[in-house]
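Trainee: Before we start, could you help me see how such terms follow from their definitions?
Mentor: Gladly; let us look at the model and take the terms step by step.
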Amino acid sequence: MVGGSPPAYRARRPGRLTPVSRWLFRRLLQAALTFAAAVVLLFFLMRLAPGDPLSRLAGDRAISEQELEFLRRRFGLNQPLVTQFRAFLGGIAQGDLGVSIEHYPEKVTSLLASRLPATLLLGGTVLLLNFIVGVWLGVTQAVRRGSRFDRWMTRLALAGYATPSFWLGLVLVAFVSLRWHLLPAAQMTDPLLPLDASPWTRAVDVLRHLALPALTLSLTSIAIMMRHQRAAMLSVFRLDYVSAARARGLTERRVLWRHAWRNTLAPMITLLGLWLPILVSGSIFVEAIFNWPGLGSLANDAIAARDYPVLLGTAMLVSGAVVLAGLLADVGYTIADPRVRQE
Amino acid sequence: MPREVPVIARRLLVPALLLAFATVASARQRPSDHGSIVIVMGGEPSTPVPTLLGMKANDDVSELMFLRLARPGLGKSVSDEHGYEAELARSWSRRDSLTLVFELDPRARWHDGVPVTARDIVWSFERMRDSTVDPDRALLLRHITTVTAENDHRVVIRFRRAYPEQFYDATYQVQPLPAHLVDTIPPARFAGSAFVQHPIGNGPYRWSRREPGRQLELVANPGFFLGAPKLDRVVILFSRDPDARMNMLLDGSVDAYEGMSAISGPKRLEGNPAYRIESQPSFDLMYLLFNQRAYGDRSRPHPILADPDVRRALAMGINRVPVLRSTYGAYSQGADAPVTGAHWTRSLVPAGIGYDPAGARALLQRRGWIDHDGDGIRDKDGVPLNLRLNLYSGSAERGLMAPQIQEQLRQLGVGIEIQRLEGAVWFARRNKGEFDIDFSGTTMDPSPNGIVQSWTCAGRSGTNVGQYCDPAVDSLIERAMTSTRNPESNWRAAYAALQRDVPAIFLASPRALFAVHTRYRNVTIRPESFYGSIWRWSVDPRRRIARDGPGA
């Protein structure tokens, strides 16, 4: 254990920020700058990519040059890039991300708002499953190291780790939906569910539709989580303070969760920080396979159609989530580990 | 004193009452042929309002809510005004060769109960003829000079000149909107208006709700003047992924799949008694478009493809039969001109260039294309006969056909470099002329006149991206479009002239495929729209399922 006297803190002068607040302020500023740089880069890089954003509107029908010009004017695509950027910044200042080209006249903000709940539901379920099941399996494996359970879970984890989620999704659809007819193959809700259906009926319906995409995304990521958790736990088990806790006569459960597991939180928080953006970004492949109406499929469509406003909107949301997740992970470290706070 | 009821009447009274009761009871218990339908399609119909420029998905769904004055009859020529089916117009007549008169059906109502009047038709034509609203539509309506209302139910449409498809232009290009609801909305604000969020039409189905990204729902218009629809609810789902669409069909989530792929669809439905495949000739055309100008430089002729003999030799070197069979199975028909299987002029197309590899080799040789260096690719003046074939990577059908065509042409000594491009890039390159050969797929206008856009000199500033131009062909097409006497022979001559120039290798007109649940009856599908006759479909009362609603 770390011994010695606690560090001496100087009395804070009124009006001056504490070191933690200063750190937090600096970190927030850094996050805001990172986000701004990402937005600027996204705006220009998207427009540098080859492709015409009017292609999806034209589809397979013949479309004249006059009509193309008309559409370019409508979406401001005939303006110089700098003018477009200025208009974009002006829009952001008013909370307006513009109008979708493909889903004209739908506003990007309302499109994002309509797709966000589905993505949050799927991403949130996956994160929850990852952490609850992944952590529990990883800890149990570490506790029962070398047992048959440990060996089998290790094999399963490696298999899960190596399985591409899109393939797993297709297999689950083929068997669970099409062969055994146990769960729906796609969509988020039953299209003919009555508008006056009870909340319970609605919840069951959504859960039935959620099961396969959540399982597809979770099975692979739980494997990663449990491998990390197992390794972290094993490294902690070797440390003196765990032996000391046992020597003090604490119950094994208390030793495990209160002393050992708490000290494995740092790598888990790192993983959480990496996965948190999934909450908003969704998964392009899995959303496509299950026709899940989330942000992943919206972004995928926007990329294919070069729907710049929607693409920028989703990219900004994901960038924001990445930056925010990094920030939250840093704050998480300081909460979970007092040594980080002191540094 | 009341008269006594005769004995015979008394004896008959009870059985008669029992019979009447049984009849009423059986009528009440007769299973209903009403129901619902869930359709899955490839694009999201976010704004199914006719005047908005939009995707095919919007146009398709608008068919369920907005009628036209009249609609081309199934299998009838679009230039034969007697072959049309009445919709908003009850009848029509001619005052002279330049004037059409339509009598509106007085029973026609908007979904808010207001009668459809001549004012709606006049306003809608004015809006659609405004080139600032929809330039392409305005171009199609350019021959119309005036649209006037003589009274509440009589519309008079005058034309600049006489031509066979006046009636088609007057009826097909415009789906009227309710003037009383939209005439105060400026065109620039129309798309964002409340009307577009909750459109009010005059067709068999009314707007119910839309959940962005998930589904759109329409409900039957019980007061529809042409007859109440039997399907009470039409729910439209969308998915970009064809496999996801097929999975939704196979797990029973949807009842119909519009635009099924011929490659995998029929095979996956094989032996499944729940669905049947409906196929119709379509207005779709697949062709290899030759660029007449240099790659990316329209100021210079194409160094290889400007020579019509080379184009002809390439056409002679392609054996379409195995290519189409392996891709579409039985669901396509060969094309020899820009005419599809659903066009009334399809029987007028002369036989095209047949498969003749020996003739192709000889022709290339005559034009100086010889394999001098023995590398398998012909060359001339040091220039190898290599061509870039642009291919939209999102089309599975084109992706299957391209390597087969590449191999067939390689055997002629022609090198084909396939450039698989994602949609946005393919579209941009096509419009800029950055291709030697473009693997094109297009949905044509139901009128054969549509070829003006892509196969005449005038179209070069627009959709004629191959820059093909032959004034002689232009004048033949113009004559075919405008001649009121014997248009058949004029179309035949125009197609023959096009074939001589070989501006493209016309491959096929694929049939449109639909998978429909077998519980539906009266299933008819129009070539111009899957959705146009859904309101006539009904459910077999013996085969109702839960989502069809209460059975009696």
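Trainee: What is the bridge partner of Arg276(B) in β23(B)?
Mentor: In this predicted model, Arg276(B) has Val516(B) of β23(B) as its bridge partner.

Trainee: What makes β12(B) and β23(B) a pair of strands?
Mentor: Pairing requires at least two bridges found by DSSP, and β12(B) and β23(B), the latter covering residues 512-517, are joined over six bridges in the antiparallel sense, so the two strands count as paired.

Trainee: Why are β8 and β12 of chain B said to stand at the edges?
Mentor: The open sheet has seven strands in the order β8-β9-β10-β1-β11-β23-β12 (chain B), with mixed pairing. Because β8 (205-211) and β12 (275-280) of chain B each have a single partner strand, one side of each is left without a neighbour in the sheet. From one strand to the next, the twist averages 20°.

Trainee: Which residues make up domain 1 and domain 3 of chain B?
Mentor: The domain assignment gives 35-47 + 203-281 + 512-548 for domain 1 of chain B and 284-510 for domain 3 of chain B. Their centres, taken over C-alpha atoms, are separated by 35 Å, and the contact takes nine residues from domain 1 and 13 residues from domain 3.

Trainee: How many residues of chain A and of chain B are in contact, and what cut-off decides this?
Mentor: Residues count as in contact if their C-beta atoms, placed from the backbone, lie within 7 Å, and 46 residues of chain A are in contact with 44 residues of chain B. On the side of chain A that touches chain B, the largest share, five residues, comes from α3(A).

Conventions:
Residues numbered from 1 in each chain as written. Chains lettered and ligands numbered in written order. Predicted model: local features only at pLDDT ≥ 70, side-chain atom pairs only at ≥ 80, totals over all residues. Contact = placed C-beta atoms within 7 Å. Helix = DSSP H or I, 4+ residues; strand = E, 2+ residues; numbered from the N terminus. Domains from an automatic or database assignment. Axes fitted to C-alpha atoms, helices over the stretch in contact; angles between N-to-C directions.
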